[in-house]
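This briefing takes up surface patches and pockets in turn. Please keep the structure in view while reading.

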Amino acid sequence: VLAFEALLGKVPFLAHEMVREETGVHVCDQRRPTSQQVREFPMVDFGLIESEHDEIFRQDRRETKIEIGERIYRFMEWLS
């Protein structure tokens with residue numbers, strides 16, 4: 001949010017589950033619980049996040065490039 005500080009209060013900031021880096025295996029790639037993020041980023045609307053915990057993250061495997069592409073495509077469909 002720091003990079004977009006000049007836009008705070010001027011445009012909405014929305015959290016979307018499909019917009020994230022490659023995920024899986026590495027704990028640093030797992031998103032934090034939604035309730036924690038709401039406290040840390042009160043200027044972001046987390047209303048689109050349906051679950052408290054990361055349902056995309058898998059401890060046993062990384063996302064494939066195809067899965068990443070499909071996830072990004074679903075976001076682009078939502079965006080359009």
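L14, L48, I72, M76, W78 and L79 together make up a nonpolar surface patch with about 580 Å² of accessible area. The model is a predicted one, in which local features need pLDDT of at least 70 and side-chain atom pairs count only at pLDDT 80 or more, while totals for chains, interfaces and linings use all residues. Residues are numbered from 1 along each chain as its sequence is written, and side-chain values use heavy atoms, without hydrogens and water.

**Surface patch**
- Areas come from the Shrake-Rupley method with a 1.4 Å probe, and for residues only the protein chains shown count as cover.
- L79, a member of the patch, sits in helix α2, residues 65-79 (helices being DSSP runs of H or I with at least four residues).
- L79 is exposed (over 50% relative accessible area), its value being 53%.

**Largest pocket**
- The largest pocket holds about 730 Å³ of space, and among its 23 lining residues A15, H16, V19, R20 and Q37 are the closest to its centre.
- A pocket here is an open set of points on a 1 Å grid where a 1.4 Å probe fits, with protein on both sides within 12 Å along at least five of seven lines, and lining residues have an atom within 4 Å of a point.
- Its lining comprises 13 nonpolar, three polar and seven charged residues, and α2 gives the most to it, with three residues.

**Second largest pocket**
- The second largest pocket holds about 200 Å³, and its lining includes E55, R58, R61 and R62.
- By class, this lining has one nonpolar, two polar and nine charged residues.

Key
Patches are made of residues with over 30% relative accessible area and no salt bridge: like charges are joined within 9 Å, nonpolar side chains (Val, Leu, Ile, Met, Phe, Trp, Tyr) within 5 Å. A salt bridge is a side-chain nitrogen of Lys or Arg within 4 Å of a carboxyl oxygen of Asp or Glu. Helices (H or I, at least four residues) and strands (E, at least two) are DSSP runs, numbered from the N terminus. Buried means under 20% relative accessible area, exposed over 50%, partly exposed in between (1.4 Å probe, protein chains only). Grid points are joined across faces, edges and corners, and a volume is the space filled by probe spheres set on the points. Ala, Val, Leu, Ile, Met, Phe, Trp, Tyr, Cys and Pro count as nonpolar, Asp, Glu, Lys and Arg as charged, and the others, Gly among them, as polar.
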